[in-house]
Amino acid sequence: MICSLGLLVLGLYGLASKRNLIRLVISLEVLVNATCLAFAALSAMSNPGHSDPVVGVLIIIVLAVGGCIAAFGLALALAIYKRTGTVDAWALRKLRG
């Protein structure tokens, strides 16, 4: 749980302080991994010696969906970079209509 909390803090710091879209996507992935690690730790702590297979399946599904979201976010960041020449989130605010 301590490692999960550390990853959670690291992901929140990355979301709060970074302006680069790619770093924001990576920070979101760190947050997803922190929650999956917390689920696994809670499952292992609730039944010592045994882990619930439902939790393992849930973690696999969450990681698969998170990977798809990360791939879409990185593709979107690449398309934004090709169009505007920057991946700075604050510089993209001027694109509002």
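Modeller: Ser43 is buried, with a relative accessible area of 6%; buried means under 20%, exposed over 50% and partly exposed in between, with a 1.4 Å probe and protein chains only. This is a predicted model, in which local features need pLDDT of at least 70 and side-chain atom pairs pLDDT 80 or more, while totals for chains, interfaces and linings use all residues. Residues are numbered from 1 along each chain as its sequence is written, and side-chain values use heavy atoms, without hydrogens or water.

Colleague: Which residues is Ser43 in contact with, leaving aside its neighbours within four places in sequence?

Modeller: Contact means heavy atoms within 4.5 Å. By that criterion, Ser43 touches His50, Ser51, Asp52 and Val55.

Colleague: In which helix is Ser43 found?

Modeller: Helices are DSSP runs (H or I, at least four residues), numbered from the N terminus. Ser43 belongs to helix 2.

Colleague: Which residues of helix 2 and helix 3 meet?

Modeller: Among them, Val25, Phe39 and Ser43 are on the helix 2 side, and Val55, Ala70 and Ile80 are on the helix 3 side. The residues of this contact divide into 16 nonpolar, five polar and one charged, where Ala, Val, Leu, Ile, Met, Phe, Trp, Tyr, Cys and Pro count as nonpolar, Asp, Glu, Lys and Arg as charged, and the others, Gly among them, as polar.

Definitions and conventions. Helix = DSSP H or I, 4+ residues; strand = E, 2+ residues; numbered from the N terminus.
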